[in-house]
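Dear colleague,

I am handing over the structure below, and after it I set out what was found. Please read it with the cut-offs that I give along the way.

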Amino acid sequence: MLTCKDVCDNATRHIEGQSGLWDRIGLRFHLLICKECRRFMRQFRMMIGTSAKLNDLDQPTDKEIDELVTRLVSSQD
Ligand SMILES: [Zn+2]
């Protein structure tokens with residue numbers, strides 16, 4: 001069974017779809033029983049999405065940065 005540390009250590013691989021079948025099943029099972037890792041994975045996905053979005057912007061405005069930070073902070077509940 002995966003531990004919380006396993007989930008954190010392999011988060012990038014999981015999100016990028018590079019995990020094998022048994023790793024993906026193990027992750028799903030762990031996320032079913034672990035609220036902290038569900039929150040971590042949700043925030044990690046959002047963080048990756050945010051950084052990809054920032055990379056698409058040549059020079060993000062303060063308003064765009066504020067909106068992204070607000071989305072990240074509001075996802076912590
Ligand atoms: Zn966990």
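Among contacts in the chain between residues at least 6 apart in sequence, what percentage join residues at least 24 apart? The share is 58%, where a contact means that the C-beta atoms of two residues, placed from the backbone, lie within 7 Å.

Please keep in mind that this is a predicted model, in which local features need pLDDT of at least 70 and side-chain atom pairs count only at pLDDT 80 or more, while totals for chains, interfaces and linings use all residues. Residues are numbered from 1 along each chain as its sequence is written.

The chain has 5 helices and 0 strands (DSSP runs numbered from the N terminus, with H or I over at least four residues for helices and E over at least two for strands). Its radius of gyration is 15 Å, well over the 11 Å that the globule rule gives for 77 residues, so the chain is more spread out than a compact globule (the radius is taken over C-alpha atoms, and the rule is 2.2 Å times the number of residues to the power 0.38).

The axes of helix α4 (residues 35–56) and helix α5 (residues 62–74) come within 11 Å and cross at roughly 175°, these axes being lines fitted to C-alpha atoms over the stretch in contact, with angles from 0 to 180 degrees between N-to-C directions. The two helices are therefore roughly antiparallel to each other, a term for angles over 145 degrees. In this pairing, M46, M47, T50 and K53 of α4 meet L68, R71 and L72 of α5.

Best regards

Note on methods. Angles under 35 degrees count as roughly parallel, over 145 as roughly antiparallel, 65 to 115 as roughly perpendicular and the rest as oblique.
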